[in-house]
Amino acid sequence: FHDVQDMSGVGRTLSVLLLCFILHVSNGHQFARRDRRPDVVHHARLVKKTSGSMAPKGLRAHVRGGALLEDPPVQTTSSKSWFQRMSDSFVEFLVGLVMVIFSIPILWFNESRSAKLESLIALGRSKVRTVDAKHAQDEDYNRLVHIQGAEMKAAAKVKDSQFDVAFEKGCVKLRSTVEVFQLVQHEKKEEREKLGGGKETITTYSYTEEWSSHWYDSSGYADKSKQGMNRKPSSLDVGTQEALCDKVEYGLGFVLSKSLVDMCKGYIPATNLLGESVKFDGKGDAMVFRKTSDEFFYYGQSSGSPALGDIRVAFEYVPDGPATVVALQVETADASRASFLPFRTISRPLCGMSEEAEKTALRKEGEKTRDDLADEAGCPGFLACCCLPCHLVMKCFSAALTPEIHHIFEGSKTLEECFKVITFEAAAAKWLLRLIGWAMMYVGLYCMFSPFLTLITVLPWIGPPLAKFGGWLIWLLCGFVTLMVATLIVMVAYLFYHPVVTLVYAVFLAFIVVIFKAIVNFVNQGGISAKQA
(Lines give C-alpha, C1' and ligand atoms only; values in the text may rest on other atoms or scores of the structure.)
Protein backbone atom coordinates (compact mmCIF):
# COMPACT_ATOMS: atom_id res chain seq x y z
CA PHE A 1 0.00 0.00 0.00
CA HIS A 2 2.99 2.35 0.51
CA ASP A 3 3.95 1.81 -3.14
CA VAL A 4 0.41 2.59 -4.22
CA GLN A 5 0.72 6.13 -2.89
CA ASP A 6 3.45 6.91 -5.50
CA MET A 7 1.23 5.88 -8.44
CA SER A 8 -1.03 8.03 -10.55
CA GLY A 9 -4.75 8.25 -9.77
CA VAL A 10 -5.75 5.61 -12.35
CA GLY A 11 -2.91 3.28 -11.36
CA ARG A 12 -3.75 3.65 -7.69
CA THR A 13 -7.41 2.82 -8.34
CA LEU A 14 -6.59 -0.27 -10.43
CA SER A 15 -4.11 -1.51 -7.83
CA VAL A 16 -6.60 -1.19 -5.00
CA LEU A 17 -9.29 -2.97 -7.02
CA LEU A 18 -6.85 -5.77 -7.88
CA LEU A 19 -5.95 -6.26 -4.22
CA CYS A 20 -9.63 -6.35 -3.25
CA PHE A 21 -10.35 -8.82 -6.03
CA ILE A 22 -7.58 -11.18 -4.85
CA LEU A 23 -8.84 -11.05 -1.27
CA HIS A 24 -12.44 -11.86 -2.31
CA VAL A 25 -11.52 -14.75 -4.57
CA SER A 26 -9.02 -16.35 -2.22
CA ASN A 27 -11.01 -16.60 0.98
CA GLY A 28 -14.29 -14.67 0.62
CA HIS A 29 -12.96 -11.75 2.68
CA GLN A 30 -15.61 -9.34 3.96
CA PHE A 31 -15.01 -5.70 4.78
CA ALA A 32 -16.06 -4.95 8.32
CA ARG A 33 -19.46 -3.29 8.42
CA ARG A 34 -21.30 -2.55 11.58
CA ASP A 35 -24.67 -3.43 10.05
CA ARG A 36 -23.68 -6.71 8.35
CA ARG A 37 -21.50 -9.27 10.12
CA PRO A 38 -21.73 -13.09 10.12
CA ASP A 39 -23.83 -14.59 12.86
CA VAL A 40 -24.92 -11.17 14.17
CA VAL A 41 -28.54 -11.05 15.29
CA HIS A 42 -30.53 -8.03 14.10
CA HIS A 43 -33.84 -7.02 15.63
CA ALA A 44 -36.80 -5.10 14.22
CA ARG A 45 -40.33 -4.75 15.48
CA LEU A 46 -42.79 -7.07 13.75
CA VAL A 47 -46.52 -7.43 14.09
CA LYS A 48 -47.77 -10.40 12.11
CA LYS A 49 -51.13 -12.15 12.07
CA THR A 50 -51.77 -15.45 10.38
CA SER A 51 -54.94 -17.26 9.56
CA GLY A 52 -53.49 -20.45 8.14
CA SER A 53 -54.76 -23.71 9.56
CA MET A 54 -54.60 -27.20 8.26
CA ALA A 55 -58.06 -28.27 9.30
CA PRO A 56 -59.75 -31.00 7.29
CA LYS A 57 -61.88 -30.11 4.32
CA GLY A 58 -65.32 -28.98 5.40
CA LEU A 59 -64.05 -27.63 8.74
CA ARG A 60 -61.88 -24.72 7.60
CA ALA A 61 -64.66 -22.19 8.08
CA HIS A 62 -64.55 -22.89 11.81
CA VAL A 63 -60.78 -22.43 12.23
CA ARG A 64 -59.76 -19.45 14.34
CA GLY A 65 -56.89 -17.31 13.05
CA GLY A 66 -53.38 -17.49 14.48
CA ALA A 67 -52.20 -15.55 17.50
CA LEU A 68 -50.87 -12.01 17.23
CA LEU A 69 -47.09 -11.91 17.72
CA GLU A 70 -44.99 -8.83 18.36
CA ASP A 71 -41.66 -10.58 18.90
CA PRO A 72 -38.81 -9.23 16.77
CA PRO A 73 -37.51 -11.48 13.98
CA VAL A 74 -34.05 -13.01 14.01
CA GLN A 75 -31.70 -12.19 11.14
CA THR A 76 -28.43 -13.95 10.29
CA THR A 77 -25.89 -13.29 7.55
CA SER A 78 -23.69 -15.89 5.88
CA SER A 79 -21.21 -15.57 3.03
CA LYS A 80 -19.70 -17.85 0.41
CA SER A 81 -16.48 -17.22 -1.47
CA TRP A 82 -16.21 -17.75 -5.20
CA PHE A 83 -14.37 -21.04 -4.66
CA GLN A 84 -17.17 -22.27 -2.39
CA ARG A 85 -19.74 -21.28 -5.01
CA MET A 86 -17.77 -23.14 -7.68
CA SER A 87 -17.76 -26.22 -5.46
CA ASP A 88 -21.54 -25.92 -5.01
CA SER A 89 -22.00 -25.42 -8.75
CA PHE A 90 -20.29 -28.74 -9.48
CA VAL A 91 -22.67 -30.39 -7.02
CA GLU A 92 -25.55 -28.74 -8.91
CA PHE A 93 -24.08 -30.09 -12.13
CA LEU A 94 -24.16 -33.65 -10.78
CA VAL A 95 -27.70 -33.18 -9.43
CA GLY A 96 -28.80 -31.80 -12.79
CA LEU A 97 -27.23 -34.73 -14.60
CA VAL A 98 -29.13 -37.18 -12.38
CA MET A 99 -32.38 -35.27 -12.95
CA VAL A 100 -31.94 -35.38 -16.73
CA ILE A 101 -31.10 -39.09 -16.68
CA PHE A 102 -34.18 -39.94 -14.57
CA SER A 103 -36.52 -37.58 -16.45
CA ILE A 104 -36.22 -39.65 -19.65
CA PRO A 105 -37.56 -42.96 -18.19
CA ILE A 106 -40.23 -41.01 -16.28
CA LEU A 107 -41.44 -39.40 -19.50
CA TRP A 108 -41.26 -42.74 -21.31
CA PHE A 109 -43.23 -44.52 -18.60
CA ASN A 110 -45.87 -41.79 -18.52
CA GLU A 111 -46.42 -41.72 -22.27
CA SER A 112 -46.50 -45.51 -22.64
CA ARG A 113 -48.87 -45.75 -19.65
CA SER A 114 -51.10 -43.06 -21.11
CA ALA A 115 -51.25 -44.84 -24.46
CA LYS A 116 -52.13 -48.14 -22.73
CA LEU A 117 -54.80 -46.48 -20.59
CA GLU A 118 -56.42 -44.80 -23.59
CA SER A 119 -56.59 -48.17 -25.35
CA LEU A 120 -57.97 -49.77 -22.17
CA ILE A 121 -60.70 -47.11 -21.84
CA ALA A 122 -61.69 -47.58 -25.48
CA LEU A 123 -61.84 -51.35 -24.95
CA GLY A 124 -63.78 -50.90 -21.71
CA ARG A 125 -66.42 -48.79 -23.44
CA SER A 126 -67.01 -51.58 -25.92
CA LYS A 127 -66.98 -54.42 -23.36
CA VAL A 128 -68.76 -52.96 -20.29
CA ARG A 129 -72.17 -54.22 -19.19
CA THR A 130 -74.69 -52.38 -17.01
CA VAL A 131 -76.03 -54.86 -14.45
CA ASP A 132 -78.41 -54.92 -11.50
CA ALA A 133 -77.00 -54.86 -7.94
CA LYS A 134 -79.73 -57.10 -6.54
CA HIS A 135 -78.18 -60.32 -7.82
CA ALA A 136 -74.79 -61.22 -9.31
CA GLN A 137 -75.35 -63.11 -12.56
CA ASP A 138 -73.00 -65.96 -13.50
CA GLU A 139 -72.53 -64.71 -17.08
CA ASP A 140 -71.15 -61.38 -15.75
CA TYR A 141 -68.30 -62.89 -13.75
CA ASN A 142 -64.83 -61.75 -14.92
CA ARG A 143 -66.39 -59.00 -17.05
CA LEU A 144 -66.27 -55.23 -16.77
CA VAL A 145 -69.58 -54.14 -15.25
CA HIS A 146 -71.34 -50.88 -14.43
CA ILE A 147 -73.71 -50.75 -11.43
CA GLN A 148 -75.61 -47.50 -11.02
CA GLY A 149 -76.75 -45.98 -7.73
CA ALA A 150 -76.86 -49.10 -5.53
CA GLU A 151 -76.80 -48.66 -1.74
CA MET A 152 -73.51 -49.27 0.04
CA LYS A 153 -73.92 -50.24 3.67
CA ALA A 154 -71.34 -50.76 6.42
CA ALA A 155 -71.69 -54.24 7.91
CA ALA A 156 -68.88 -54.10 10.48
CA LYS A 157 -67.62 -51.88 13.29
CA VAL A 158 -65.24 -48.98 12.54
CA LYS A 159 -62.97 -47.68 15.33
CA ASP A 160 -60.49 -44.83 15.50
CA SER A 161 -56.89 -45.87 16.15
CA GLN A 162 -56.17 -43.24 18.86
CA PHE A 163 -59.47 -42.20 20.47
CA ASP A 164 -62.40 -44.07 21.99
CA VAL A 165 -64.58 -43.27 18.96
CA ALA A 166 -66.33 -46.13 17.18
CA PHE A 167 -69.35 -46.68 14.93
CA GLU A 168 -71.23 -49.96 15.09
CA LYS A 169 -73.05 -49.23 11.82
CA GLY A 170 -73.60 -46.55 9.21
CA CYS A 171 -69.89 -45.67 8.79
CA VAL A 172 -67.95 -46.74 5.69
CA LYS A 173 -64.82 -44.73 6.59
CA LEU A 174 -63.75 -42.76 9.68
CA ARG A 175 -61.22 -39.95 9.66
CA SER A 176 -59.69 -38.01 12.56
CA THR A 177 -57.52 -34.91 12.25
CA VAL A 178 -55.37 -33.90 15.23
CA GLU A 179 -54.00 -30.35 15.41
CA VAL A 180 -51.66 -28.78 17.97
CA PHE A 181 -51.29 -25.07 18.69
CA GLN A 182 -47.62 -24.44 17.91
CA LEU A 183 -44.95 -21.85 17.37
CA VAL A 184 -44.05 -21.98 13.67
CA GLN A 185 -40.78 -20.64 12.26
CA HIS A 186 -40.80 -18.89 8.87
CA GLU A 187 -37.71 -18.19 6.76
CA LYS A 188 -37.09 -15.46 4.21
CA LYS A 189 -33.77 -15.41 2.34
CA GLU A 190 -32.17 -12.54 0.43
CA GLU A 191 -29.06 -13.13 -1.70
CA ARG A 192 -26.57 -10.45 -2.75
CA GLU A 193 -23.65 -10.70 -5.14
CA LYS A 194 -20.26 -9.59 -3.85
CA LEU A 195 -17.20 -8.29 -5.63
CA GLY A 196 -14.98 -11.18 -6.66
CA GLY A 197 -17.79 -13.66 -7.34
CA GLY A 198 -18.80 -14.29 -3.75
CA LYS A 199 -22.39 -14.35 -2.50
CA GLU A 200 -23.93 -13.13 0.72
CA THR A 201 -27.16 -14.64 2.09
CA ILE A 202 -29.28 -12.83 4.68
CA THR A 203 -31.85 -15.08 6.36
CA THR A 204 -34.68 -13.55 8.36
CA TYR A 205 -36.61 -15.75 10.79
CA SER A 206 -40.06 -14.77 12.04
CA TYR A 207 -42.47 -16.69 14.25
CA THR A 208 -46.22 -17.15 14.47
CA GLU A 209 -48.48 -19.12 16.77
CA GLU A 210 -51.00 -21.17 14.84
CA TRP A 211 -52.97 -24.41 14.68
CA SER A 212 -51.33 -27.05 12.51
CA SER A 213 -51.82 -30.74 11.76
CA HIS A 214 -48.09 -30.95 11.01
CA TRP A 215 -45.71 -31.26 13.96
CA TYR A 216 -42.91 -28.67 14.10
CA ASP A 217 -39.89 -29.65 16.19
CA SER A 218 -38.85 -26.38 17.84
CA SER A 219 -35.58 -27.72 19.22
CA GLY A 220 -33.72 -26.50 16.12
CA TYR A 221 -35.24 -23.01 15.85
CA ALA A 222 -32.81 -20.17 15.10
CA ASP A 223 -33.98 -18.08 18.04
CA LYS A 224 -32.65 -19.96 21.07
CA SER A 225 -35.25 -18.38 23.34
CA LYS A 226 -37.96 -20.21 21.36
CA GLN A 227 -36.34 -23.62 21.26
CA GLY A 228 -38.36 -26.38 22.91
CA MET A 229 -41.55 -24.31 23.18
CA ASN A 230 -43.64 -26.77 21.15
CA ARG A 231 -44.77 -29.77 23.16
CA LYS A 232 -47.20 -32.68 22.93
CA PRO A 233 -47.63 -36.19 24.39
CA SER A 234 -45.11 -38.50 22.76
CA SER A 235 -47.75 -41.17 22.11
CA LEU A 236 -50.07 -38.80 20.24
CA ASP A 237 -49.78 -38.77 16.45
CA VAL A 238 -50.45 -35.36 14.91
CA GLY A 239 -52.15 -35.32 11.52
CA THR A 240 -54.84 -37.35 9.79
CA GLN A 241 -55.73 -40.97 10.53
CA GLU A 242 -58.23 -43.07 8.56
CA ALA A 243 -60.04 -46.28 9.45
CA LEU A 244 -61.94 -48.44 6.93
CA CYS A 245 -64.91 -50.67 7.48
CA ASP A 246 -63.87 -54.32 7.05
CA LYS A 247 -67.07 -55.25 5.24
CA VAL A 248 -69.20 -52.92 3.11
CA GLU A 249 -72.18 -54.51 1.40
CA TYR A 250 -73.22 -53.11 -1.97
CA GLY A 251 -76.77 -53.74 -3.04
CA LEU A 252 -78.07 -57.21 -2.30
CA GLY A 253 -75.58 -59.15 -4.39
CA PHE A 254 -72.16 -57.51 -3.91
CA VAL A 255 -69.53 -56.51 -1.36
CA LEU A 256 -67.03 -53.72 -1.98
CA SER A 257 -63.30 -54.46 -2.09
CA LYS A 258 -60.93 -52.69 0.30
CA SER A 259 -59.48 -50.57 -2.49
CA LEU A 260 -62.94 -49.34 -3.53
CA VAL A 261 -63.82 -48.50 0.08
CA ASP A 262 -60.57 -46.53 0.33
CA MET A 263 -61.61 -44.47 -2.71
CA CYS A 264 -64.73 -43.14 -0.94
CA LYS A 265 -64.17 -39.45 -0.14
CA GLY A 266 -67.63 -38.12 0.75
CA TYR A 267 -66.76 -37.12 4.33
CA ILE A 268 -69.17 -35.22 6.57
CA PRO A 269 -68.63 -34.04 10.20
CA ALA A 270 -69.32 -36.69 12.84
CA THR A 271 -69.43 -34.31 15.83
CA ASN A 272 -73.20 -34.51 16.32
CA LEU A 273 -73.07 -38.32 16.46
CA LEU A 274 -70.58 -38.35 19.34
CA GLY A 275 -70.96 -37.45 23.00
CA GLU A 276 -69.79 -34.35 24.83
CA SER A 277 -66.27 -35.70 25.18
CA VAL A 278 -63.82 -38.21 23.70
CA LYS A 279 -60.87 -39.85 25.41
CA PHE A 280 -57.30 -40.40 24.28
CA ASP A 281 -55.54 -43.17 26.18
CA GLY A 282 -51.97 -43.42 24.98
CA LYS A 283 -48.96 -44.85 26.75
CA GLY A 284 -49.53 -43.19 30.10
CA ASP A 285 -51.01 -40.06 28.47
CA ALA A 286 -54.74 -40.20 29.22
CA MET A 287 -56.55 -37.04 28.09
CA VAL A 288 -60.22 -36.06 27.85
CA PHE A 289 -61.21 -33.79 24.95
CA ARG A 290 -64.33 -31.64 25.38
CA LYS A 291 -66.69 -30.74 22.55
CA THR A 292 -66.59 -27.10 21.38
CA SER A 293 -68.94 -25.07 19.23
CA ASP A 294 -66.82 -25.34 16.08
CA GLU A 295 -67.00 -29.14 15.47
CA PHE A 296 -63.77 -29.84 17.37
CA PHE A 297 -62.98 -31.67 20.59
CA TYR A 298 -60.54 -29.60 22.64
CA TYR A 299 -57.87 -30.31 25.24
CA GLY A 300 -56.27 -27.30 26.89
CA GLN A 301 -56.98 -24.15 28.83
CA SER A 302 -59.50 -22.33 26.61
CA SER A 303 -60.58 -22.93 23.03
CA GLY A 304 -61.23 -19.20 22.66
CA SER A 305 -57.69 -18.27 23.70
CA PRO A 306 -55.39 -21.25 23.01
CA ALA A 307 -51.93 -21.62 24.51
CA LEU A 308 -48.92 -23.41 23.06
CA GLY A 309 -49.39 -27.15 23.44
CA ASP A 310 -53.21 -27.12 23.33
CA ILE A 311 -54.70 -29.90 21.17
CA ARG A 312 -57.91 -30.29 19.20
CA VAL A 313 -59.30 -33.11 17.10
CA ALA A 314 -62.07 -33.29 14.50
CA PHE A 315 -63.89 -36.46 13.38
CA GLU A 316 -65.47 -37.05 9.97
CA TYR A 317 -67.04 -40.10 8.39
CA VAL A 318 -68.38 -41.44 5.10
CA PRO A 319 -71.97 -42.55 5.72
CA ASP A 320 -73.98 -45.29 4.04
CA GLY A 321 -75.49 -44.15 0.78
CA PRO A 322 -75.88 -44.66 -2.97
CA ALA A 323 -72.80 -45.20 -5.12
CA THR A 324 -71.91 -46.23 -8.68
CA VAL A 325 -69.21 -48.80 -9.49
CA VAL A 326 -67.29 -49.55 -12.69
CA ALA A 327 -64.96 -52.53 -12.22
CA LEU A 328 -64.35 -56.21 -12.98
CA GLN A 329 -66.99 -58.44 -11.36
CA VAL A 330 -65.53 -61.53 -9.67
CA GLU A 331 -66.61 -64.37 -7.40
CA THR A 332 -65.84 -64.46 -3.68
CA ALA A 333 -65.73 -67.12 -0.99
CA ASP A 334 -69.24 -66.01 -0.01
CA ALA A 335 -71.39 -67.57 -2.72
CA SER A 336 -74.24 -65.13 -2.02
CA ARG A 337 -72.24 -62.03 -2.92
CA ALA A 338 -69.77 -61.08 -5.66
CA SER A 339 -67.01 -58.47 -5.43
CA PHE A 340 -64.78 -56.38 -7.70
CA LEU A 341 -61.22 -56.29 -9.04
CA PRO A 342 -59.38 -53.87 -11.37
CA PHE A 343 -59.97 -54.23 -15.12
CA ARG A 344 -56.44 -54.21 -16.64
CA THR A 345 -54.72 -54.77 -19.95
CA ILE A 346 -53.84 -58.33 -20.90
CA SER A 347 -51.69 -59.85 -23.63
CA ARG A 348 -53.81 -60.83 -26.60
CA PRO A 349 -52.54 -63.16 -29.37
CA LEU A 350 -52.60 -61.88 -32.95
CA CYS A 351 -55.02 -64.63 -33.87
CA GLY A 352 -57.40 -63.63 -31.06
CA MET A 353 -58.54 -65.54 -27.96
CA SER A 354 -61.69 -67.27 -26.78
CA GLU A 355 -64.13 -65.62 -24.36
CA GLU A 356 -63.29 -68.02 -21.54
CA ALA A 357 -59.54 -67.51 -22.02
CA GLU A 358 -60.08 -63.75 -21.95
CA LYS A 359 -62.08 -63.97 -18.71
CA THR A 360 -59.41 -66.13 -17.08
CA ALA A 361 -56.66 -63.73 -18.11
CA LEU A 362 -58.61 -60.70 -16.85
CA ARG A 363 -59.22 -62.37 -13.48
CA LYS A 364 -55.58 -63.38 -13.14
CA GLU A 365 -54.35 -59.87 -13.99
CA GLY A 366 -56.86 -58.25 -11.64
CA GLU A 367 -55.75 -60.41 -8.71
CA LYS A 368 -52.15 -59.19 -8.91
CA THR A 369 -51.10 -57.03 -5.97
CA ARG A 370 -49.02 -53.87 -6.19
CA ASP A 371 -45.96 -55.86 -5.15
CA ASP A 372 -46.60 -58.39 -7.93
CA LEU A 373 -46.84 -55.60 -10.49
CA ALA A 374 -43.62 -54.04 -9.22
CA ASP A 375 -41.80 -57.38 -9.42
CA GLU A 376 -42.90 -57.87 -13.03
CA ALA A 377 -41.86 -54.36 -14.07
CA GLY A 378 -38.34 -53.14 -14.67
CA CYS A 379 -35.52 -54.58 -16.73
CA PRO A 380 -34.68 -58.29 -16.49
CA GLY A 381 -31.33 -59.68 -15.37
CA PHE A 382 -28.19 -57.87 -16.46
CA LEU A 383 -30.17 -55.06 -18.13
CA ALA A 384 -31.26 -53.87 -14.69
CA CYS A 385 -27.61 -52.96 -13.96
CA CYS A 386 -27.00 -51.46 -17.40
CA CYS A 387 -30.03 -49.18 -17.20
CA LEU A 388 -30.54 -48.68 -13.49
CA PRO A 389 -32.64 -45.45 -13.79
CA CYS A 390 -35.10 -47.16 -16.16
CA HIS A 391 -35.29 -50.18 -13.88
CA LEU A 392 -35.97 -48.12 -10.75
CA VAL A 393 -38.57 -45.87 -12.41
CA MET A 394 -40.47 -48.79 -13.91
CA LYS A 395 -40.59 -50.72 -10.63
CA CYS A 396 -41.67 -47.73 -8.54
CA PHE A 397 -44.23 -46.25 -10.93
CA SER A 398 -45.73 -49.47 -12.26
CA ALA A 399 -47.13 -50.37 -8.85
CA ALA A 400 -48.59 -46.92 -8.13
CA LEU A 401 -49.83 -45.97 -11.61
CA THR A 402 -51.01 -49.19 -13.22
CA PRO A 403 -53.42 -48.62 -16.16
CA GLU A 404 -56.76 -49.95 -14.89
CA ILE A 405 -60.47 -49.28 -14.58
CA HIS A 406 -61.53 -49.67 -10.96
CA HIS A 407 -63.73 -46.78 -9.85
CA ILE A 408 -66.49 -45.88 -7.41
CA PHE A 409 -68.53 -42.68 -7.61
CA GLU A 410 -70.82 -41.05 -5.08
CA GLY A 411 -74.51 -41.11 -5.95
CA SER A 412 -76.06 -42.38 -9.16
CA LYS A 413 -74.11 -41.91 -12.41
CA THR A 414 -74.83 -43.16 -15.90
CA LEU A 415 -72.26 -45.14 -17.84
CA GLU A 416 -71.44 -42.14 -20.02
CA GLU A 417 -70.92 -39.91 -16.97
CA CYS A 418 -68.60 -42.49 -15.42
CA PHE A 419 -66.39 -42.75 -18.50
CA LYS A 420 -66.22 -38.98 -18.80
CA VAL A 421 -64.79 -38.83 -15.27
CA ILE A 422 -62.42 -41.76 -15.95
CA THR A 423 -61.17 -40.11 -19.15
CA PHE A 424 -60.69 -36.76 -17.40
CA GLU A 425 -58.76 -38.34 -14.51
CA ALA A 426 -56.53 -40.22 -16.96
CA ALA A 427 -55.76 -37.00 -18.86
CA ALA A 428 -55.08 -35.10 -15.62
CA ALA A 429 -52.67 -37.78 -14.38
CA LYS A 430 -50.94 -37.86 -17.77
CA TRP A 431 -50.35 -34.11 -17.84
CA LEU A 432 -49.30 -33.96 -14.20
CA LEU A 433 -46.61 -36.61 -14.66
CA ARG A 434 -45.68 -35.10 -18.03
CA LEU A 435 -45.11 -31.69 -16.43
CA ILE A 436 -43.04 -33.31 -13.68
CA GLY A 437 -40.84 -35.00 -16.29
CA TRP A 438 -40.50 -31.81 -18.30
CA ALA A 439 -39.62 -29.80 -15.19
CA MET A 440 -36.98 -32.36 -14.16
CA MET A 441 -35.34 -32.23 -17.59
CA TYR A 442 -35.64 -28.45 -17.84
CA VAL A 443 -34.18 -27.71 -14.41
CA GLY A 444 -31.61 -30.50 -14.74
CA LEU A 445 -30.26 -29.09 -18.02
CA TYR A 446 -30.00 -25.64 -16.49
CA CYS A 447 -28.17 -26.98 -13.43
CA MET A 448 -25.60 -28.57 -15.72
CA PHE A 449 -24.60 -25.04 -16.84
CA SER A 450 -24.19 -23.87 -13.24
CA PRO A 451 -20.33 -24.10 -13.23
CA PHE A 452 -20.18 -21.92 -16.35
CA LEU A 453 -22.48 -19.24 -14.88
CA THR A 454 -20.57 -19.24 -11.59
CA LEU A 455 -17.26 -18.98 -13.46
CA ILE A 456 -18.16 -15.70 -15.17
CA THR A 457 -19.45 -14.06 -11.96
CA VAL A 458 -15.83 -13.56 -10.91
CA LEU A 459 -15.41 -10.79 -13.50
CA PRO A 460 -15.55 -7.41 -11.75
CA TRP A 461 -18.71 -5.34 -12.36
CA ILE A 462 -19.77 -7.09 -15.59
CA GLY A 463 -19.73 -10.63 -14.11
CA PRO A 464 -23.14 -10.71 -12.35
CA PRO A 465 -25.07 -8.97 -15.20
CA LEU A 466 -23.35 -11.21 -17.76
CA ALA A 467 -24.27 -14.29 -15.71
CA LYS A 468 -27.93 -13.17 -15.58
CA PHE A 469 -28.01 -12.58 -19.34
CA GLY A 470 -26.35 -15.93 -19.97
CA GLY A 471 -28.84 -17.53 -17.62
CA TRP A 472 -31.76 -16.29 -19.73
CA LEU A 473 -30.15 -17.64 -22.90
CA ILE A 474 -29.53 -21.00 -21.23
CA TRP A 475 -33.15 -21.13 -19.99
CA LEU A 476 -34.28 -20.62 -23.59
CA LEU A 477 -31.92 -23.30 -24.89
CA CYS A 478 -33.02 -25.76 -22.20
CA GLY A 479 -36.66 -25.08 -23.07
CA PHE A 480 -36.18 -25.97 -26.74
CA VAL A 481 -34.15 -29.09 -25.92
CA THR A 482 -36.79 -30.24 -23.41
CA LEU A 483 -39.62 -29.79 -25.92
CA MET A 484 -37.74 -31.67 -28.64
CA VAL A 485 -36.72 -34.62 -26.44
CA ALA A 486 -40.15 -34.88 -24.78
CA THR A 487 -41.98 -34.80 -28.13
CA LEU A 488 -39.67 -37.50 -29.50
CA ILE A 489 -40.44 -39.72 -26.50
CA VAL A 490 -44.18 -39.19 -26.99
CA MET A 491 -43.86 -40.15 -30.65
CA VAL A 492 -42.08 -43.42 -29.91
CA ALA A 493 -44.48 -44.33 -27.07
CA TYR A 494 -47.63 -43.76 -29.14
CA LEU A 495 -46.17 -45.53 -32.18
CA PHE A 496 -47.20 -48.92 -30.76
CA TYR A 497 -50.74 -47.91 -29.74
CA HIS A 498 -51.90 -44.86 -31.75
CA PRO A 499 -49.88 -44.40 -34.97
CA VAL A 500 -52.08 -41.47 -36.07
CA VAL A 501 -51.21 -39.55 -32.90
CA THR A 502 -47.54 -40.19 -33.67
CA LEU A 503 -47.89 -38.28 -36.95
CA VAL A 504 -49.36 -35.28 -35.12
CA TYR A 505 -46.46 -35.17 -32.68
CA ALA A 506 -43.99 -35.62 -35.57
CA VAL A 507 -45.33 -32.46 -37.22
CA PHE A 508 -45.06 -30.60 -33.90
CA LEU A 509 -41.45 -31.79 -33.46
CA ALA A 510 -40.56 -30.63 -36.97
CA PHE A 511 -42.06 -27.21 -36.18
CA ILE A 512 -39.94 -26.91 -33.01
CA VAL A 513 -36.77 -27.90 -34.89
CA VAL A 514 -37.45 -25.30 -37.62
CA ILE A 515 -37.94 -22.52 -35.05
CA PHE A 516 -34.81 -23.55 -33.14
CA LYS A 517 -32.75 -23.63 -36.32
CA ALA A 518 -34.06 -20.22 -37.38
CA ILE A 519 -33.03 -18.73 -34.01
CA VAL A 520 -29.55 -20.26 -34.27
CA ASN A 521 -29.12 -18.92 -37.83
CA PHE A 522 -30.25 -15.46 -36.72
CA VAL A 523 -27.72 -15.42 -33.88
CA ASN A 524 -24.93 -16.65 -36.16
CA GLN A 525 -25.70 -14.02 -38.80
CA GLY A 526 -25.64 -11.35 -36.12
CA GLY A 527 -22.21 -12.54 -34.98
CA ILE A 528 -20.84 -12.56 -38.55
CA SER A 529 -22.18 -9.06 -39.20
CA ALA A 530 -20.54 -7.80 -35.99
CA LYS A 531 -17.17 -9.27 -37.03
CA GLN A 532 -17.39 -7.70 -40.49
CA ALA A 533 -18.25 -4.33 -38.98
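Asp140 is buried in this predicted model, with a relative accessible area of 6%. The cut-off for that word is under 20%. Its side chain does not stand alone. Asp140 meets Arg129 in a salt bridge, 3.1 Å from N to O. Arg129 sits in strand β2 (residues 129–130), while Asp140 belongs to the loop between β2 and β3 (143–154), so the bridge ties together parts that are 11 residues apart in sequence. Arg129 counts as partly exposed, at 30% relative accessibility.

Why do such pairs form? Side chains of opposite charge can pair when their charged atoms come close.

Now move to strand β3. Here the side chain of Arg143 meets that of Glu355 in a salt bridge of 2.0 Å, N to O. Glu355 lies in helix α4 (residues 355–366) and Arg143 in strand β3, so this pair ties together parts 212 residues apart in sequence. Arg143 is buried, at 17% relative accessible area. Glu355 is partly exposed, at 43%.

Next, find Lys173. How exposed or buried is Lys173? Lys173 is buried, with a relative accessible area of 0%. Its side chain forms a salt bridge with Asp262, at 3.7 Å from N to O. The two link distant parts of the chain: Lys173 is in strand β6 (residues 171–193), Asp262 is in helix α3 (residues 258–263), and 89 residues separate them. Asp262 counts as partly exposed, at 35% relative accessibility.

Salt bridges can also share partners. Lys127, Arg348 and Glu358 are joined into one network this way. Across the whole structure, a search finds 21 salt bridges.

Methods:
Residues are numbered from 1 along each chain as its sequence is written. This is a predicted model: local features need pLDDT of at least 70, side-chain atom pairs count only at pLDDT 80 or more; totals for chains, interfaces and linings use all residues. Side-chain values use heavy atoms; hydrogens and water are left out. A salt bridge is a side-chain nitrogen of Lys or Arg within 4 Å of a carboxyl oxygen of Asp or Glu. Helices (H or I, at least four residues) and strands (E, at least two) are DSSP runs, numbered from the N terminus. Buried means under 20% relative accessible area, exposed over 50%, partly exposed in between (1.4 Å probe, protein chains only).
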